[in-house]
Amino acid sequence: MRSFYGAVLGMTELEKPERLRARGGAWFRSGSLEIHVGIEEGFRPARKAHPGIAVDDVDALADRVADSGAPVAWDDSVPGVRRFHTSDPVGNRLEFQQG
């Protein structure tokens, strides 16, 4: 998760509050976006639910995601919005878009 959210997506890992560190997982931030990933026994990712994240250069991000080996599925169903879906290493669905 650190490699994907940090190196691939370019997010900064945050130091979790001391009281929460024992739970595992990690927190990441980019601008005003913050994502918290945790550890859950028997986890199954949602197949449809996902965050839609606005980025400045969706094509450059798609290239980095594809270069990392993660899937890039372009979707042109929203007029005027260039967007793609991908999955993080544990299967969480993510949408990145540029309008």
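**Salt bridges and a sheet**

Mentor: Asp75, Arg83 and Glu95 are linked in a network of salt bridges. A salt bridge here is a side-chain nitrogen of Lys or Arg within 4 Å of a carboxyl oxygen of Asp or Glu. This is a predicted model, in which local features need pLDDT of at least 70 and side-chain atom pairs count only at pLDDT 80 or more, while totals for chains, interfaces and linings use all residues. Residues are numbered from 1 along each chain as its sequence is written, and side-chain values use heavy atoms, leaving out hydrogens and water.

Trainee: How many salt bridges does the structure hold?

Mentor: Side chains of opposite charge can pair when their charged atoms come close. The structure holds six salt bridges. In one of them, Arg83 meets Glu95 at 3.1 Å, N to O. That pair links distant parts of the chain, twelve residues apart: Arg83 is in strand E6 (residues 82-87) and Glu95 in strand E7 (residues 93-98). Helices (H or I, at least four residues) and strands (E, at least two) are DSSP runs, numbered from the N terminus.

Trainee: Are Arg83 and Glu95 buried or exposed?

Mentor: Buried means under 20% relative accessible area, exposed over 50%, and partly exposed in between, with a 1.4 Å probe and protein chains only. Both Arg83 and Glu95 are buried.

Trainee: Which residue forms a salt bridge with Arg29, and which one meets Arg21?

Mentor: Arg29 pairs with Glu34, their closest N and O atoms being 2.5 Å apart. Arg29 is partly exposed at 38% relative accessibility, and Glu34 is partly exposed at 32%. Arg21 forms a salt bridge with Glu15 (2.5 Å, N to O). Here Arg21 is partly exposed at 39%, whereas Glu15 is exposed at 65%.

Trainee: What is the order of the strands in the open sheet?

Mentor: Two strands pair if DSSP finds at least two bridges between them. The open sheet has four strands in the order E4-E7-E6-E5, with mixed pairing. Strands E4 (52-54) and E5 (73-75) are the edges, each pairing on one side only. From one strand to the next, the twist averages 30 degrees. E5 and E6 run antiparallel and are joined by three bridges; Ala73 stands opposite His85 in E6.

Trainee: Which helix lies across E5, E6 and E7?

Mentor: Axes are lines fitted to C-alpha atoms, for helices over the stretch in contact (heavy atoms within 4.5 Å). Angles run from 0 to 180 degrees between N-to-C directions. Helix H3 (residues 58-67) lies across those strands, at about 25 degrees to E6.
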